[in-house]
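Please find below a short note on the structure under review. The points are arranged by topic and may be read alongside the sequence and the coordinates.

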Amino acid sequence: MASRKKPVCFKAVVLGLGFLCDSWVGIRGSSLAAFEVSVPQQRVLAVRGRPVVLGCSYAPSNSLEGLVVTWQTAEDNLVLHSFYYGQDQLDQQSARYRNRTSMFRPLLGAGNASLRLDRVGPQDSGRYLCSVDSLQGNGKAEVQLEYAAFYTEPKLNIQVHPSNISLQYQSEGYPAPQVQWTDSAGRNLTAREELSGPGEDGLLSLRTSVTLKDPGPGVNLSFTLRNAALGQVLERPVSLRLASDDIGHCTDCARVTIPLICFLCLLLLCLGLAAFAYFRRKRNRMPMAYCNGSETITSA
């Protein structure tokens, strides 16, 4: 029995549909492959007291339909912020980020998926993932967040003993600083350093001291603190003069002696004015006496 041949036109239609399907799949695949999520900075530094922006961008879209943006921690997948169905979705947001995150909604259609984080602290340091899913494709990118705080003005404390002198500086900041004590010749001095915290304010507490044995009549040294993360350098010269009876007189750039002298002068002035007013009032209240012959008349 002779086999029946399929019409040529049917084969052409099948081949045409197959070509169209392959072309559509190829175009769709290339579109998804071209979709990219990126971050402008792989490392971002957050400074205490200032908000920080974690940058993230993707291929622009004229519509927010189908757009899903999620920010998560890379280590444990805690949700910082989510956006889908055209609005913020915070039901799954971690409690530690509550009321601290926001996105730039007017810029989402332009491909800006950046996240603003407020009240940043040391606990926020770490890696974060920006995930974007849209009708054009999906992707994710990672950014590293670091935290730093400027160190406060160092406070100097000096203790003078018969055989040695102890000098201590205290300051607060973040992260751990580089501390250096040097003598007048630029030689490093052996120092003691204590670092505690951070506390609830996000600051480390630093105490550093040096002890000088038999310092002689005068000592000049320098204290330097460096916060490498912020490029902060605090350098404080200290001049110390001792009397022969081991009673110390110290100056830290005149910040110690000048206020004390002004206070003593003001105190003496107030005491002098008070004494003058007292004796003047007492003199006005004294009875007036005079003699007339043999009688003495006293006015009331």
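The points below concern a predicted model.

1. Disulfide. The model contains one disulfide. Cys56 and Cys130 form this bond, with an S to S distance of 2.0 Å. The torsion about the S-S bond is about -80°, and the disulfide is therefore left-handed. Cys56 is placed in the loop between strand S2 (52-54) and strand S3 (68-73), while Cys130 belongs to strand S8 (residues 126-134), so the bond ties together parts that are 74 residues apart in sequence. Both Cys56 and Cys130 are buried.

2. Another cysteine. Cys270 has a relative accessibility of 44% and therefore counts as partly exposed, since that class lies between the 20% and 50% limits.

3. Sheet with strands S10, S11, S14 and S13. These four strands make an open sheet in the order S10-S11-S14-S13, and their pairing is antiparallel. Strand S10 (155-160) and strand S13 (192-196) are the edge strands, each pairing on one side only. On average, neighbouring strands of this sheet are turned by 15° against each other, direction ignored. Within the sheet, strand S11 (residues 164-173) pairs with strand S14 (residues 204-213) over 10 bridges in the antiparallel sense. For Asn164, the bridge partner in S14 is Lys213.

4. Eight salt bridges are present in the structure. One of them joins the side chains of Asp124 and Arg100, at 2.5 Å from N to O. Asp124 lies in the loop between strand S7 (115-117) and S8, and Arg100 in the loop between strand S5 (87-88) and strand S6 (101-103), so the pair ties together parts that are 24 residues apart in sequence. Asp124 and Arg100 are both buried.

5. Further salt bridges. Asp183 and Arg187 meet through their side chains at 3.0 Å, N to O, in a salt bridge. Asp183 is buried, at 17% relative accessible area, whereas Arg187 is exposed, at 54%. A salt bridge also links the side chains of Arg192 and Glu194, at 3.2 Å from N to O. Here Arg192 is exposed, with a relative accessible area of 56%, and Glu194 is partly exposed, with 38%.

6. Nonpolar surface. Phe263, Leu264, Leu267, Leu268 and Leu271 make a nonpolar surface patch of about 510 Å². Of these residues, Phe263 is located in helix H2 (residues 257-284).

Key:
Residues are numbered from 1 along each chain as its sequence is written. This is a predicted model: local features need pLDDT of at least 70, side-chain atom pairs count only at pLDDT 80 or more; totals for chains, interfaces and linings use all residues. Side-chain values use heavy atoms; hydrogens and water are left out. Two strands pair if DSSP finds at least two bridges between them. Helices (H or I, at least four residues) and strands (E, at least two) are DSSP runs, numbered from the N terminus. Axes are lines fitted to C-alpha atoms, for helices over the stretch in contact, and angles run from 0 to 180 degrees between N-to-C directions. A disulfide is a pair of cysteine sulfur atoms within 2.5 Å. Buried means under 20% relative accessible area, exposed over 50%, partly exposed in between (1.4 Å probe, protein chains only). Patches are made of residues with over 30% relative accessible area and no salt bridge: like charges are joined within 9 Å, nonpolar side chains (Val, Leu, Ile, Met, Phe, Trp, Tyr) within 5 Å. Accessible areas come from the Shrake-Rupley method with a 1.4 Å probe; for residues, only the protein chains shown count as cover. A salt bridge is a side-chain nitrogen of Lys or Arg within 4 Å of a carboxyl oxygen of Asp or Glu.
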